[in-house]
Amino acid sequence: MSRGVAAAKAQAADGRRQHQEWLDLTEVSGPFLTMPVLLRAWPQLDTLEKDERARLRARHADWQTDTSAGRDEWVAYILGRLLGWNDVLTLRLGEVEHHGLDRLTLRVAEHNTEVRPDFALIEPGTDLAVEPDTESAAKRVQLLGMTVPAGTAPTARAGGGGDWAAAPADRLARLLRHHGVPLGLVTDGRWWCLVWAPLGGVTTTAVFDSIGWNEAAERNVVRAFVSLLRRRRFFEYQESETLVGLLKAGLAAGEDVTEALGVQVRQAVELLVDAIGRADVRAVENGAPGLHASGVGAGEVYRGAVAVMMRIVFLLFAEERGLLPADNEIYARSYSARFLRDELRARADEEGETSLEHTTSAWHRLIALFHAVYGGVDHPGSGFHLPAYDGSIFDPDAYPWLERTTPLLSIDDRTVLHMLQAVQEVRVGKGKDREVRTLSFRALGVEQIGYVYEGLLSFDGRRATEHMVGLIGPDGLEHEVPLRELEALAAKAATTSPGTSVKALAKAIHEKWKDPKPPATAGQLEKRLAPLGAEDAAEARRRLNAVTKDPALTERLLPFVGILRDDLRGLPTVIPNGALYVTESSLRKNTGTHYTPRFLAEEVVLHALEPLVYEPGPLQTADTGEWRLKSSQQILDLKVADIAVGSAAFLVAACRYLGNRLIEAWENEGRADAMTYRAGRAVDAVTAADAEQDPVVIESRRQIIEHCLYGVDVNPMAVEMAKLSLWLVSMDPGRPFTFLDDRLVCGDSLLGVHSMEQIQSVHMKPAQQSDILAEQARELVDQLTRERLAITAIKGVDLAALQQKRERLDEVNRHSRRLRLVGDLIAGAALATCASGHVEWYAKGRRRHGSCGRSLRTESRTTRRWFGRRGPRRRSGWGRSCRRGRWSGGRCTGPWYFRRCSH
């Protein structure tokens, strides 16, 4: 290697180190600059001249003598001198009026306060005070800034004027979007918070702490701050190379983050399932009956692990978006999932990660958090209160074996650390371009979360009946294979190809497990299977023993250690006989479950619902000026059903669209809060994703969910994912989750009866049948319809109202068992006779009735008598209710029931 090449590589490595160092010391929330973008724009961070470094230290010392009194002078130095803004800086001195900046003050009427800028970076030669109007002045601004009192954290919520509890950074973001200025800075002197507020996007904040800027150790942080914000970056580069252009380039990498997150969440579920299995073994050794003996199967364990990860992602999303009080000291210290990772990481750094395997406090804290969200919590001495949000996903009775046992299963802290890291740090890229990014849930959309979790429908839990291992392979397509089969292939290769046994073994493994994708190429496998040297073998034994705790098993695994994939702990994936593990399921292929991207869902929803909310509308005229929006009540009377709901991509899109139209209708009807919210907004424009948290938006979406939206899916996990998605777009920090148990249900939309005529005639093809159950069925359906409408009619948003709705729904389900039984009998008879070829009684029935399915008229007398009973008659599995929405005889919810009773 030449000296020039070596020097270039060393410089590139140094540039990456510089960027990683300042990123590690900067608190970022939202989509930000990625490593490839940073290295492209700054192979090396901009340097500070020696004289400037000396001046910085001197000014820093002056400011530190009195951070309150010296704030303005320190801010003026940073902006004017350090960043070089002198001739393009407009700065307010103290609290005096400033005619140019005051033109950009925003009155926030709904919160009875103002947002006032204190400085601005403007185009050269511009004077804001002489611009003809506010809009013209705003177009001259590159960046707007605010100063706040010393000691005020820019991203912490506070009072600060009126009844608006928004953080200073969020207030500035509101001002920026109002004027169409994408960048802002808010500072108290110590904290410098860069704010990026793109129209239609989420707010990004990056907080730099200047307390150590006089120290050599912080030099790269100062260099990064200057590199991003110095004068020439705004005026001397093409648009794509300005700071805004670079931020947009970083945003485009979001797809990579989503894919990586999907893989890591699946790995976290795998790790948790394994930890549950290990904890169960320990519990049995201590005298507990164990999960298997208690009737808890591997599939149930997998669903419980998925539910835990769904809860964690929901909580991280809610904490970062301010829907849960993450800035409250008690919540942050005793409950928060977001900060628990940092605490565990600090312990691992101090004590060593393996020490976390001997403690379980983090798992108990997570369970306490889940219960607090479900049932609420009060700390009277401190004044901290968390309302009860309810919600089936947090119901502790859904998986009682996981969180209701005494003692709890002992899930170790190391497992919890890696579960949390899997959803808070994503590893993207390959080779030298691989980087670790801190995930921002402000930037993660509901649809992306749905995509991550729909991927989990492809997998299921199993219990090993022999020793198994997890092979390397493409993400999500790895194989779990019996150790016995690997050993057999190795023995065969040694016999048939004594001199080239490793090559033969590699080829055999590649051929045996090539579908859907092989673990690696035959050549790569051959390299990984090569015999280990003494030192490498000792390290491999150490890692294998950490998993197996069995020296004999370790020796059996040693020849194959190179092709075993690592779990999140960095240990080989080994599944001992009897252990729980996760593997691919055929369910996703069988059910046709696939992710629907947001843009597609919104396009479909727009064209489907637009004709229903306007009259005249697109069906009457192409002139949008002639369209007239229907009333709010007419909008709430609409019914939207997705009968293969998945993670609710279409229902979320419908919720957003109809919610916006409902706010518009409220404005037309003179509702004050809607008029205030929409003041100054274009009809179809939402200025930011952050605006989804506005109380008017939340209220409109909750109304749409409660009146308009319905969904069915054959997979119970998909139903829970759908609920999660709708809760994420409609969460009110002060109210329980919207009641969805009567609207999103588990059932089969393809198999079952679909009309009242089929029920009345007790036949799949009722054309030639008499109405055997006409009067009884119609009367019962009318009763069920009234009972379901009564659920929607229950007013109130507290737990008492939710309990009333739940009790009403229980009554509906109890009363509908008879109808569901008849529906399943009809479908069962049709399947039994149509799927198996002609039998004697089938042939007679076909000749007699000319339709598929045995006539049930001979049983009509019994059926009529049964319909008249006060309660369902129990026959084997038929008529048994089940919390999960299914029973032993078939699906409990067919499309006929859903369509009739949901309207």
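Helices (H or I, at least four residues) and strands (E, at least two residues) are taken as DSSP runs and numbered from the N terminus. The structure is a predicted model, in which local features need pLDDT of at least 70 and side-chain atom pairs count only at pLDDT 80 or more, while totals for chains, interfaces and linings use all residues. Residues are numbered from 1 along each chain as its sequence is written, and side-chain values use heavy atoms, with hydrogens and water left out.

Two cis peptide bonds are described here. The bond from Asp 515 to Pro 516 is cis, with omega near -5 degrees; Pro 516 is placed in the loop between helix H20 (501-512) and helix H21 (522-528). The bond from Glu 615 to Pro 616 is also cis, with omega near 0 degrees, and Pro 616 lies in the loop between helix H25 (598-613) and helix H26 (632-636). Most residues other than glycine have a negative phi, and most peptide bonds are trans.

Positive phi values occur at Asp 390, near 60 degrees, and at Lys 549, near 55 degrees; neither residue is a glycine. Asp 390 belongs to the loop between strand E11 (384-386) and helix H16 (400-403), and Lys 549 to the loop between helix H22 (534-548) and helix H23 (551-557). Accessibility is classed as buried under 20% relative accessible area, exposed over 50% and partly exposed in between (1.4 Å probe, protein chains only). Asp 390 counts as buried because its relative accessibility is 9%, whereas Lys 549, at 62%, counts as exposed.

A nonpolar core is a set of buried Ala, Val, Leu, Ile, Met, Phe, Trp, Tyr and Cys residues joined through side-chain atoms within 4.5 Å. The largest such core has 128 residues, and those with the most contacts inside it are Ile 312, Phe 314, Trp 363, Tyr 453, Leu 658 and Leu 709. Helix H12 (residues 298-320) gives the most to this core, with 16 residues. Apart from neighbours within four places in sequence, Tyr 453 is in contact (heavy atoms within 4.5 Å) with Val 265, Val 306, Met 309, Met 310, Val 313 and Met 721. A second, separate core has 46 residues, among them Leu 23, Leu 45, Trp 63 and Val 221.

At least two lining residues come from each of helix H11 (254-285), strand E17 (574-575) and strand E18 (580-584), with H11 supplying the largest share, 4 residues.

Strand E17 also takes part in an open sheet of 3 strands, in the order E16-E15-E17 with antiparallel pairing. Two strands pair if DSSP finds at least two bridges between them. Strand E16 (480-482) and E17 are the edge strands, each pairing on one side only. Strand E15 (residues 468-470) is joined to E16 by 3 bridges, and Gly 470 stands opposite Glu 480 in E16.
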